[in-house]
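Let's take a walk through a protein model together, from its overall build down to single pairs of side chains. Keep the structure open beside you and look for each part as we come to it.

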Amino acid sequence: GSFLVAIGDSALYHNNSIEYGDAIKNTAVGSKSLYSNSQGSNNTATGFQSLYYNSTGDGNTAFGSQALYSNVGGMGNTGIGYGALRTNINAYNNTAVGHEALLANTEGDDNTAIGRWAMFGNMSGDDNTAVGYAALHGISYGDNNTAVGKYSGTGDFSGSTINPSNSTFIGYNASISFLCTNATGIGYEAHPDDDDQVRIGNSSILEIGGYADWTNLSSDGKYISDVQENVAGLDFIMKLRPVTY
């Protein structure tokens, strides 16, 4: 291999360039960091057993004890913090920042988790964003969710698994306690309770208002397309025959 840096007991221990261009440009700092690497390139591992099982994965960055520990062939992942993305095996393009963020992820791609235990239980969910302590903690396979705030999108935080999809939760403990689709909760403890539902605030909210009238998108002319002036109009009205009886 070429362009390699290894500092620490058994760092890059198995690095072996089987083919030209493999197992190059790796940096391992810490005991047994990138220990199993055989073909992966452009990896950076800092911390005890960081990227320990990486074999063929390229372009990963691990910073923290056992960060990306189980990664074998996953590429483009970033794990910062103790145990971040620890069980990731072959998943791609995940970013985990925080103690055990995305800890259980094995197959989910393109997720971003920032905060301790953020997306802790996710295994195969894709395209999720969680920001905050234990945000989306209970998700295991839901896709396309966004959660911002402590405990946002976590359910009741009792260890139960919820798997929303295409849902948004913003605020402390804004969440839902069951599988749902296209739900939105905004505000402290805002809890939508069905699919295709939006909840703003909790039961303590006394007033919701603004300086402009509410706009119904289904009827407002600004949001209607393909308008045609083909209504019968006056000719139709003149043919009406009003009667009394």
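Start at the N terminus and follow the chain: its elements run β-β-β-β-β-β-β-β-β-β-β-β-α. In other words, the protein has 12 strands and 1 helix. Keep in mind as you look that this is a predicted model.

What about the overall form? The radius of gyration is 26 Å, well over the 18 Å that the globule rule gives for 245 residues, so the protein is more spread out than a compact globule. Of the 245 residues, 42% count as buried. The protein exposes about 13400 Å², and carbon and sulfur atoms supply 53% of that area.

Now think about which parts of the chain touch. Take the contacts with a separation of 6 or more: residues 24 or more positions apart account for 1% of them. Keep that in mind as we turn to some individual pairs.

Let's begin with charge. Side chains of opposite charge can pair when their charged atoms come close. The structure holds 3 salt bridges. One of them joins Asp9 and Lys32, whose closest N and O atoms are 2.8 Å apart. Asp9 sits in the loop between strand E1 (5–7) and strand E2 (27–29), while Lys32 sits in the loop between E2 and strand E3 (44–46), 23 residues apart. Both partners are partly exposed, Asp9 with a relative accessible area of 44% and Lys32 with 24%.

Another salt bridge brings together Arg86 and Glu100, at 3.5 Å from N to O. Arg86 belongs to the loop between strand E5 (78–80) and strand E6 (95–97), and Glu100 to the loop between E6 and strand E7 (112–114), so the pair ties together parts that are 14 residues apart in sequence. Are these two side chains buried or exposed? Arg86 is buried, because its relative accessible area is 18%, and Glu100 is buried at 13%. The remaining bridge links Asp193 with Arg199, with 3.9 Å between the closest N and O atoms. Asp193 is partly exposed at 48%, and Arg199 is partly exposed at 34%.

Next, look for the rings. The structure holds 10 aromatic pairs. In one of them, the ring centres of Tyr35 and Tyr52 are 4.9 Å apart and the planes lie at 5°, so the pair is stacked. Tyr35 is in the loop between E2 and E3, and Tyr52 is in the loop between E3 and strand E4 (61–63), so parts that are 17 residues apart in sequence are tied together. Tyr52 is buried, at 13% relative accessibility.

Trp117 and Tyr133 make a tilted pair, with 5.7 Å from centre to centre and 55° between the planes. Trp117 lies in the loop between E7 and E8 and Tyr133 in the loop between E8 and strand E9 (146–148), so this pair ties together parts that are 16 residues apart. Ring pairs also link Trp117 and Tyr133 into a cluster with Phe120, Tyr151, Tyr172 and Tyr188.

Finally, visit the surface. A nonpolar patch of about 720 Å² is made by Ile114, Val131, Val148, Ile170, Ile186, Val198, Ile200, Ile205 and Ile208. Among them, Val131 lies in strand E8 (residues 129–131) and counts as partly exposed at 33% relative accessibility.

Definitions and conventions: Residues numbered from 1 in each chain as written. Predicted model: local features only at pLDDT ≥ 70, side-chain atom pairs only at ≥ 80, totals over all residues. Heavy atoms only, no water. Patch = residues over 30% accessible without salt bridge, like charges linked within 9 Å, V, L, I, M, F, W, Y side chains within 5 Å. Areas by Shrake-Rupley, 256 points an atom, 1.4 Å probe, with all protein chains shown as cover. Salt bridge = Lys/Arg side-chain N within 4 Å of Asp/Glu carboxyl O. Helix = DSSP H or I, 4+ residues; strand = E, 2+ residues; numbered from the N terminus. Buried < 20%, exposed > 50% of the residue type's maximum accessible area, 1.4 Å probe, protein only. Rg over C-alpha atoms; globule rule 2.2 N^0.38 Å. Contact = heavy atoms within 4.5 Å. Phe/Tyr/Trp six-rings, centres within 6.5 Å; stacked < 30°, edge-to-face > 60°.
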